[in-house]
Amino acid sequence: MAKWTVTRPRCPLFHPIFAVSLISVLGLLLQMLNLALKTTSRPSIWDSEGNIHSFLIPTDELNSSDIEYLSYQKAYAYPPEEGNLSQMIRDYISHDKPIPLKVINPHPFSYIHRPLPCSFDNGASGKMIVLIKSFALNFGFRKAQRTLWKSVNQTSMCYVFMLGYNGNPGVQRRINEEANRYRDVMQEDFIDAYFNNTYKTIMAYNWVVRYCPDANILLFQDDDYHVKWNEVAIYMRKQFQDKSENVYCGSLALNAPPYRKENTKWFLTFQDYPFDLFPPYIGGGAYVVSFDVAQRFQRAFSYVRYLGIDDVYLGIVAQKLSIRSENETLLDTVNRDSLAKECSHVVDNIINDKCDLADRKREIFELGLQTTTLPTKAIVLVNGQPVEVDDTIYLSYDEEFAYPLKVRLDEAVKGVVLYNNKIRFSPINVHNFSTINQPLPCSYPSQTGRHQNLLILVKVDSSNYKIRNEIRSLWKSLNDPAIRVIFLLGHSSKIQTRVDKESAHHKDILQEKFKEHHMHSTRKIVMGFNWVETKCSKADLVLVLESIYHVNSTQMIDHLQRLSKKKDVFIGKLWKNVSPHREKDNKWKLSYDHYPFDKFPPYLSGGAFVTSFNIVRKFKIAFPYVKYFGIDDVYLGIIAKKLRIIPTHDSYFEPLSTIALVKRCPREFYRIVNGRCVEQNSLPSSGSNKHYMCNIFLYFYLSAYSFIQILYFC
């Protein structure tokens, strides 16, 4: 019988299988190396005493404005770093288990005055202790607070003042007399200074845990606050019926940066705090904690590195204890209905609830100029690592949308249009850019054979002169005197001479001295609508285009002619329920301060839309009184909502529609003119990057497949 033998092919070094295998293996190794680098823990920046290693501290910090602070989001770590402090504290409170950490924040101070232990009615529920942080010299403020306390009509409440030591014997004698008379002063022998406020807070928590264990609710406040204690007590008791533990609430601040200017009282050096942002924290003016939280705070203080700004320090400790900081608007001084308001430093004003500081802060907030206000997310430490407990908490558009100025702007604009009234509000969006180039005013024939005159405003980068020439040719080919095309440009010094020559020749360029930038597109709209209102009032309709949009010009004119009898026209591709981009690397990224709501109002895509002259005029009147927003189509949507103008969807402006008259094109001008376009969304939808592990899997699969093939062939 013949013997069959299998002869395998030779395996040359440069066989395609080898190439595929080599590339796959290298790709897998690179992906795994990248993953390893991402997950490798960084060496600690802190020493065993809770201080920053000296080699990390900038050598000339106080004189340098270019210090690179550590990223809170990427590298945050605050002593103690070892172990799970939250679990250690719980084990101590529940089982008296020793805490295996070194004390790095001792509190070696003694009482000068200690108030009597709390005394509540035995049958009272929701017992509340009010702890008033007071500067030693503020005798008048304490007198005002005692006067206000006379209005408290509940036996389940008591109060104490928290003081440090002034160092002046005469001042201390007065404090001694005050303490002996009222028995409401808590004082220790640390110097009473701003950056010792954290010592004052630690003193208060130590006293409460030891001498006021029956209290359920702890209200901390500053002595310059007017607090409606009866209302706060009633409100908090109702809240505590649903949640009586893990309460730490007040005016929540998030993404707040430290002050780095020497002339501010909150100035922190790199050595004090090396990160670019603070953790979430509750403002110290007025806040509430439950007794269980007070216990955990009090036990943790000794092991958490000292920071002199007391409210920020509590935010740091809360994060390490996995205690969530929660916003409570009724304790926020900028809220009109707040039960706790910051007053001016006049005793009578505190007593009479004339809180100028609260009013001033609210005005700033309503003007949209406040930078760190309301919460966006809660971050806690889990196993020693910062973790977002929840997704970013933005304000609900559906429930509480309001955009500065928070006024009845529609009525004000109506008064200007109908009665030539003046608007009483102060402008917050001043457009004071100088004009570089300006087109000739519109001139339409009296009889056009059609029902409307059309003005086309084209948003275009100043460098795109080829596109401008082709767009001119496109509309000029219609030979229609009732059509006028104007180009809206920003400023670019490198090519300004060429733009000036182009403008002198064509007389169709409107340009002001603001920089070309994608977040300045709103400036182009404001510039264009301002010009239309004064120089082109005979236009019936205004077609706004981005330069990368192709328009079927003939059919568009026919379509717009059918709109001629409609007075209020605001049509295009309608976007609804669109969420802002929050991704770090997205060019459209909006921070909480830029836009704090979870959704935009309905708006028309800025690539192509049509509006009537009367709507343009209303927008022009409103622009100065609506906070600037860099995305022009969304900004118009915000103003439309404030003016009660309804944007309307028109399928002819839907690029993916079979009847579309507009298409978004690649930036090559010949494709735009000829209509050979590839549709793309003008504002890409947000989404997270999920392909990283897929790449690893693909490389692994190819590597394994190639390896099997090599074994077979070789």
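Cys 343 and Cys 355 form a disulfide, with their sulfur atoms 2.1 Å apart. A disulfide here is a pair of cysteine sulfur atoms within 2.5 Å. The pair links distant parts of the chain, 12 residues apart. Cys 343 sits in the loop between strand S10 (340–342) and helix H10 (347–351), and Cys 355 in the loop between H10 and helix H11 (356–366). Helices (H or I, at least four residues) and strands (E, at least two) are DSSP runs, numbered from the N terminus.

This is a predicted model, in which local features need pLDDT of at least 70, side-chain atom pairs count only at pLDDT 80 or more, and totals for chains, interfaces and linings use all residues. Residues are numbered from 1 along each chain as its sequence is written, and side-chain values use heavy atoms, with hydrogens and water left out.

Cys 343 is buried at 0% relative accessibility. Cys 355 is buried too, at 4%. Buried means under 20% relative accessible area, exposed over 50%, partly exposed in between (1.4 Å probe, protein chains only).

The whole structure holds three disulfides. Another joins Cys 118 to Cys 212, sulfur atoms 1.9 Å apart. It bridges the loop between strand S1 (111–113) and strand S2 (128–133) and the loop between helix H6 (197–211) and strand S5 (217–222).
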